[in-house]
Amino acid sequence: MSLSDQETPRTGLSPRQARRLRIAAASVLLVAMAVVLVLRLASRTSVLVVGVYGLAMILCGVVIELSRNGRTRLGTWLLGTGLLAALAADWLLLP
């Protein structure tokens, strides 16, 4: 019996599929952050609004680049925590 016969079938995404999924998710979130930034600037003009959402957009770009280089887990954690921090900053800091 060879090793391939003893291995259980692998479930889940392949690394390539995971990278593509993270890139797509970060791209969608990047566009969403841009839309929210425009809407926020229409309602109130503030440098803090630009800072919070600008940093969130930069974070999405960093996650896209990390995913392209095979760092999908790091990118996922960074995207999740960064976007939660941006939403918390929006809720706590912005008038």
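How many helices and how many strands does the protein chain have? The chain has four helices and zero strands. The model is a predicted one. The chain holds 95 residues, and buried residues make up 24% of them. Contacts between residues at least 6 apart in sequence were also examined. Of these, 60% join residues at least 24 apart.

The packing of α2 against α3 is considered next. The two helices pack at an angle of about 165 degrees. Their axes are 9 Å apart. An angle over 145 degrees counts as roughly antiparallel, and α2 and α3 are therefore roughly antiparallel to each other. Their crossing is left-handed. By class, the α2 contact with α3 has 17 nonpolar residues, two polar residues and four charged residues.

Helix α2 also meets α4. The axes of α2 and α4 come within 10 Å. They cross at roughly 15 degrees. Angles under 35 degrees count as roughly parallel, so α2 is roughly parallel to α4. The crossing of α2 past α4 is left-handed. From α2, the contact draws on A18, R19, R22, A26, L29, M33 and R40. From α4, the contributors are T72, T76, L79, L83 and D90. By class, this contact has six nonpolar, two polar and four charged residues.

D90 lies in α4, which spans residues 72-93, and R40 lies in α2, which spans residues 15-43. The pair therefore ties together parts that are 50 residues apart in sequence. The two partners were also examined for accessibility. D90 has a relative accessibility of 11%. Buried means under 20%, so D90 counts as buried. R40 has a relative accessible area of 23% and is partly exposed. Neighbours within four places in sequence were set aside in listing the contacts of D90. On that basis, D90 is in contact with R40, V52 and Y53.

The other salt bridge joins the side chains of E65 and R68. The separation is 2.9 Å, N to O. Both residues lie in α3, which covers residues 47-68. They are three residues apart, about one turn of the helix. E65 is partly exposed, with a relative accessible area of 38%. R68 has a relative accessible area of 54%. Exposed means over 50%, so R68 is exposed.

S67 is also placed in helix α3. Is S67 buried or exposed? Its relative accessibility is 0%, and S67 therefore counts as buried.

G51 lies in helix α3. At 30% relative accessibility, G51 counts as partly exposed. G51 and A86 are 35 residues apart along the chain, and their C-alpha atoms are separated by 9.8 Å. L84 is found in helix α4. At 58% relative accessibility, L84 counts as exposed. L84 and A56 are 28 residues apart along the chain. Their C-alpha atoms are separated by 9.7 Å.

Conventions
Residues numbered from 1 in each chain as written. Predicted model: local features only at pLDDT ≥ 70, side-chain atom pairs only at ≥ 80, totals over all residues. Heavy atoms only, no water. Buried < 20%, exposed > 50% of the residue type's maximum accessible area, 1.4 Å probe, protein only. Salt bridge = Lys/Arg side-chain N within 4 Å of Asp/Glu carboxyl O. Axes fitted to C-alpha atoms, helices over the stretch in contact; angles between N-to-C directions. Parallel < 35°, antiparallel > 145°, perpendicular 65-115°, else oblique. Left-handed = near helix turned anticlockwise from the far one by under 90°. Nonpolar A, V, L, I, M, F, W, Y, C, P; charged D, E, K, R; others polar. Contact = heavy atoms within 4.5 Å.
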